[in-house]
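Have the structure open beside you, and try each task before you read its solution.

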Amino acid sequence: ADAAEAPEKLVFAQIPSESAQGIADDNEAIIRVLERETGLEVEIQQATDYAAVIEGLRAGQIDIAGMGPFSYMVAKDGGAGVEALGSLVDDPDEEPGYKSFGIVPAGSDITDLEGFTGKTVCFVDPTSTSGFLYPSAGLLDLGIDPEADVTPIFAGGHDASALTVADGTCDAGFAYDTMVTTELIESGSLKEGDLEVVWESETIAGSPYVASDKLPADLISQLKEIFANDLNVPAMVESGACSSAADCQLPEASKYGFIPVEDSLYDGVRAVCKVTEAAACRV
Amino acid sequence: MGAPRTTNTEIPLPPRPRPSVNRIAAWSALFVLLTAAIWSVAALEINVASMVRSLDNAANFFSRMFPLDFPPLGELLVMTGQTLAIVIVATVLAVVLSLPVSIFAAANTTSGPVMRGVARTIIVVCRAVPDLIFAIVLFRIFGLGAFPGILALGLHSIGMIGKLYADAIEQMDGGPAEAVRSAGGSRVQWITSTVIPQVMPQLIATALHRFDINLRTSVLLGYVGLGGLGLELANALRTMQYQRGIALALIILLLCIAVEMLSGVIRATLLGRVSTERSGLLGFIDRIAAGWVTAPRGGSEPQRTRHGTMRIAPQWDSERIRRFAGVALTIAVVALATVYADMDFSTLFDDLLALPQVLGMFLPPSPQDLLDVLVEAMLVTIQIGLAATLLGLVLAVPIGILAARNVAPSVGVANLFRTIIVIIRGLPELILAIVFIVITGLGPVPGTLALAIGSVGLLGKLIADSLEETDVRVQDAVRATGATGIQVFFAATLRQTAPQIIAHVLYQLDVNIRSATLLGIVGAGGIGFFLINASRVQEFDVVAFIIAMVIVTVLAVEAVAVWTRRVLR
Amino acid sequence: MTAAAHKTIPELGSIRFENVTKKFGSITALDNVSVEFAANKINVLLGLSGSGKSTMLRHINGLNKPSTGDVWTLGTPVHSASPTTLRALRNNVGMIFQQFHLVESMSVLENVCTGKLGSLRGPRFGLWSYPRYVRENAMEQLARVGLADKAFQRAGTLSGGQQQRAAIARALIQRPTVLLADEPVASLDPLSSAGVIELLAQISREENLTVICSLHQVHIALEFADRIVGLNAGRVVLDRPAAGLTHNDVDGIYAPVPVDERVKIAV
Amino acid sequence: MTAAAHKTIPELGSIRFENVTKKFGSITALDNVSVEFAANKINVLLGLSGSGKSTMLRHINGLNKPSTGDVWTLGTPVHSASPTTLRALRNNVGMIFQQFHLVESMSVLENVCTGKLGSLRGPRFGLWSYPRYVRENAMEQLARVGLADKAFQRAGTLSGGQQQRAAIARALIQRPTVLLADEPVASLDPLSSAGVIELLAQISREENLTVICSLHQVHIALEFADRIVGLNAGRVVLDRPAAGLTHNDVDGIYAPVPVDERVKIAV
Ligand SMILES: Nc1ncnc2c1ncn2[C@@H]1O[C@H](COP(=O)(O)OP(=O)(O)OP(=O)(O)O)[C@@H](O)[C@H]1O
Ligand SMILES: Nc1ncnc2c1ncn2[C@@H]1O[C@H](COP(=O)(O)OP(=O)(O)OP(=O)(O)O)[C@@H](O)[C@H]1O
Ligand SMILES: [Mg+2]
Ligand SMILES: [Mg+2]
């Protein structure tokens, strides 16, 4: 797509974020607002692989995308050409984000991150923000090398990591917060109290929505405006996009909606990358 | 007949038999499928002009793959060894389990319609349940480790191996089996003594083919904590380390080419198509062997050894030495792999107690409140599968034909196209998908095109292999009339394999429908997005529901395949 | 040998067709056939190509089942026998197929060994899985038909006549009490043909083998057979002891089948 | 017919073997064979089973290539011919295979039509893709061998002799100038055999067809052949005009192969 031309329609791509809560992310309300405000047709495309979405953004085949914090950083710093539009929060005053938990089985004598030294530790996979990068940074802060000073196991998923800790195969491990506190318990795989949380990461910046910088500049600023002002529960109820606050379905079950974000919010992710020198950060 | 008739009298013609209702129905079913596929392609609205305009995106994407970035040699060797060990054990396991299942599934060797149905269903279920789901379940039962990973890979492989084995058995000449039956041989006896030796070339080719697929898709083993080439590759691509990713893909490709060459050699030997003039090393061994052993000669009496016992073993010529070395090497490799794969069975029985609880998570299957969405997504998936199969067919048929050594104009051409097929198989799916995304944008089009290209890798090989297995003597007979290669192909070769090729195309449709479910990565829409998400968020009843929908679809395709094959034989 | 002349037929009925009709779709291959074969003798089927000889042989061990009528072999009602009964029967009934039916990718010796499966337990896979005595016996059978030197060749690379002899060896190793031979010497030169038929006659004499054999060589039939059955278009047109039969008697079997005039259909 | 007696052999050399040796691994199937066949005549190959008759025929149209030596057919150097040249040659050389080699799943009529492929352009798939004149011609050939009533049956369901005759019809429709026939009447009853051989003799006479035919029926050979070539263990042991040959002359061909003693090694 040519940067100067106004597009006929907006292609909206969504990668399910690490902390998604439902099977289908609910973007319908957002789309309705976007279509009304821009007067353009919005076409939604779901993808499960962020490399595909980033390459699509780079090639100008995608105009708007919902991404994870880590993939945002990779896209931004890797030159895919994106502008952050906003991020979801539960409360307008809250910093957008979620956390990684360090977990041990109930009754373990490990009480903090230092106790992980020399143990078998479950991570999620080497590209996971909350399942590997932040935990690695946490360990490195304490002078523990996540490759040499513990026996790392990549469990492949947050659920797998948590369950492997629960059954004792791993002495300790990491997973994102709601996987431990709600999801595994709701699905019946674990009981309350099977796992103990011994560490919490700093807040990982929330998932940003981005626009391709190949769009015309005025359209990008219009989109930023919309994300800042129109895509939150009160505004949407007011504008009639939702009939009531309870009816307002937003992705990640967000209770408020979007607030604007600065690129600098993701410096935390960049710092972690720097500390861990993880392969996934090389862009 | 009597003396030659003169031909000026009216020839009494038999009435032309009416084609049977079944045949008409089978052709109609195929025709309906074809129409649906054409409609699916049309509905995609592939815009070639805009694709051409976006080609520089692809060039740009490719340019970022170089220079290649190989991991350090030591690390690479460990990784390769680990992957090979696991994949070998998993494939052998799958072969061992598939053989009996396929014998029950094949019409000519089954013990009865009930067992046949059960066996076919087992095969379809193994195929329809993605290996990832097997891994999730098995991980919950056995925990992390090599054993659940191998089991997941092995179980899913039964879906393909079992089906192709059953098809090969059904295609076989029944004469020898009848001969052993009429000598009073039991079912087990005639199966082991005539059926298995006859289909051996296909058995080995299919096993090696699956080995090569497992090598590339061992990604899911990451889920049970096992590393290896597949996982490294997937990680590299997911994190956009294309230079590393392509380097790893190249290594996997080399392994796949080696496997393909091995497969070619073994098949040629078993099919008896090796040159009888042995030269080079084999000739050399023969010449040495002729000094100290000799072939039995003379028709009248059995040969006796120095000790007076009868000679009942063939001479040790290069042929036998090679066969012996081959078998010994295979056994050694499998044994080594089993040891190296490092499986832990100590808690096997305790673990199995968790089975009911784990299965309980999947039961009862439920769409929750998404029934319409899921059904619609399933239809989209089927549509993508149909379109991809049709486009793939158009590409795979000529390539597959040119890759068959007994049909291609020359062995060189056949080898060239065999290599093309292997390379296409070796292309990582994600790379294919991204290439099409940067050309066409997200949506069903890139997914369909990626699948269509991927079809060449599978369908092209299946077609080439089954053409090579036709009875060469029948081709000789037609060739002896002065027919051209193409004429021989249509009149004799294709005619012999047509039912099998139809079966392969329907199998490709089934593969594409299932792959389309995993095409969420390219935003193709369809059921796959929901499957991946549902397992991510632990909604296992939805996972089970989606799998049930896929099983029903695959069973339907399978039923059409089995039926048309039987009718059109 | 001219033994046929002074032989009588002591025991009929161990193999018996009763009003057997066999239809393949619209084709009637056997048409109300009732016939009994002589035990411990050489019975020869003669008939035009397509007259139903192979079909008849295949009914005796139950490879084909009659559309109507009964077939009794060694006291077993083949037309209604269960698979187990049939297997037991077939263990005693050897068969040499017109099209040989060897496993082409297997060595000749192993092909012969498969003939012994009926009296072995359990599955066999590969030459080495057969007991040594079976392999030796197979080698002896091959020697009998002049193929000892081809024992380890792939069956598919044998010449036509060699394949036929390998198929004969496979039937002989079974030591059957009844041998069904479908044109067992069609692909053999005169010397080998005579050798094979003499071999069958000798076994029949020495071991009380019942041979039922379809042949196209009338002179061989007249020389070796004890009983001749002539088929024409699925019907029995001759059924007599061979003693005293002449070429002329036999020629009647080969009366051309009348072609019934049918509607001409465009091709 | 007794035409052979007063025939001479006017024209040798249109088919010529020069020092041809063919080895399959350690087996020597043809051993330094030099021979010329008579054009427009009936040449018969006689020999023990396994003596190399089929191998010899397969060399004439290049289905086998000699290990050493030259084969010339109708002026074409078959031993070194390119695929295109071979195809042009084969168009004029019909072949009847010992094992028939029909496409079993195809109708008899379509099998016969494939014989015409050499002179048709482009690929054919299915009976209806052949021009009407080919189908009619195929039907006539089937009538010639007495199979018109089986035209639409699947080839795989034919009786042995019927398959052989279908294969003959497939070769005849080609209207070749040379016909290679590998035991063309092995599976046929005497009446059909005589019919087929007479048919070949008649075509040879009327249309100047050169027939090279392997046979096991010595009396047929003596009656119909113009020239007889005897093979034993891959060597030519007899090569004479048939006129004046007796059964005794021919019997020499069938001398058993001498067993050469070699070192015997323990297994
Ligand atoms: N592909 C092959 N590999 C090994 N040996 C072969 C092959 N083809 C033929 N032979 C051998 O060559 C010899 C000659 O075979 P050929 O088929 O020419 O015999 P033939 O004279 O036609 O015999 P028959 O009358 O039995 O058909 C035989 O001993 C056979 O076993
Ligand atoms: N499966 C079948 N389907 C249809 N017709 C068949 C089938 N099997 C045999 N026939 C027909 O039955 C008739 C008798 O066949 P059969 O094989 O018994 O003949 P035959 O006497 O053995 O002939 P030949 O001497 O040529 O071998 C033939 O006309 C044949 O075409
Ligand atoms: Mg027959
Ligand atoms: Mg031969």
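Two strands count as paired if DSSP finds at least two bridges between them. Helices (H or I, at least four residues) and strands (E, at least two) are DSSP runs, numbered from the N terminus. The model is predicted: local features need pLDDT of at least 70, side-chain atom pairs count only at pLDDT 80 or more, and totals for chains, interfaces and linings use all residues. Residues are numbered from 1 along each chain as its sequence is written, chains are lettered from A and ligands numbered from 1 in the order in which they are written, and side-chain values use heavy atoms, with hydrogens and water left out.

**Exercise 1. The sheet of chain D**

Step 1. One bridge to look for joins Ala181(D) to Cys213(D) in β8(D).

Step 2. Now widen the view: the open sheet in chain D has 6 strands, in the order β6-β7-β8-β3-β9-β10, with mixed pairing. At its edges are β6 (93-96) and β10 (235-241) of chain D, each pairing on one side only. From one strand to the next the twist averages 15°; such angles run from 0 to 180 degrees between N-to-C directions, with axes as lines fitted to C-alpha atoms, for helices over the stretch in contact (heavy atoms within 4.5 Å).

Step 3. Helix α2 (residues 83-92) of chain D lies across β6 and β7 of chain D, at about 70° to β6(D).

**Exercise 2. The sheet of chain C**

Work out the strand order in the open sheet of chain C, and say why one side of each edge strand has no neighbour.

Step 1. The 6 strands of this open sheet in chain C follow the order β6-β7-β8-β3-β9-β10, and the pairing is mixed.

Step 2. At the edges, β6 (93-96) and β10 (235-241) of chain C each have a single partner strand, so one side of each lacks a neighbour in the sheet. Ignoring direction, neighbouring strands of this sheet are turned by 15° against each other on average.

Step 3. Inside the order, strand β3 (residues 42-47) of chain C and strand β9 (residues 227-232) of chain C run parallel, joined by 5 bridges. Leu45(C) has Val229(C) in β9(C) as its bridge partner.

Step 4. Helix α5(C) lies across β6 and β7 (178-182) of chain C and runs at about 180° to β6(C).

**Exercise 3. The site of ligand 1**

Step 1. A residue is near if one of its heavy atoms lies within 4 Å. There are 21 residues around ligand 1, and Ser159(C), Gly161(C), Lys53(D), Ser54(D) and Thr55(D) come nearest.

Step 2. Look for polar contacts to the ligand (pairs of N or O atoms within 3.5 Å). A backbone N or O atom of Gly161(C) lies 2.7 Å from an oxygen atom of ligand 1, and a backbone N or O atom of Lys53(D) also lies 2.7 Å from an oxygen atom of ligand 1. From the side chain of Gln98(D), an N or O atom is 2.9 Å from an oxygen atom of ligand 1.

Step 3. Of the 640 Å² of accessible area that ligand 1 has on its own, the protein covers 89% (Shrake-Rupley method, 1.4 Å probe).

**Exercise 4. The site of ligand 2**

Which residues are closest to ligand 2, and which elements supply at least two residues of its shell?

Step 1. Of the 22 residues that surround ligand 2, the closest are Gly50(C), Ser54(C), Thr55(C), Ser159(D) and Gly161(D). Chains C and D both surround ligand 2 with residues, so this site is shared between chains.

Step 2. A backbone N or O atom lies 2.7 Å from an oxygen atom of ligand 2 in Gly50(C) and 2.9 Å from an oxygen atom of ligand 2 in Gly52(C). For Gly161(D), a polar backbone atom is 2.6 Å from an oxygen atom of ligand 2. Alone, ligand 2 exposes 640 Å², of which the protein buries 87%.

Step 3. The elements that each supply at least two shell residues are β2 (27-38) and α1 (53-60) of chain C together with α5 (160-172) of chain D.

**Exercise 5. A backbone detail**

Where is Pro67(B) placed?

Pro67(B) sits in the loop between α3 (55-63) and α4 (73-105) of chain B. The peptide bond from Phe66(B) to Pro67(B) is cis, with omega near -5°.

Definitions and conventions
Polar contact = N/O pair within 3.5 Å; in protein donor to acceptor, adjacent residues only side chain to side chain.
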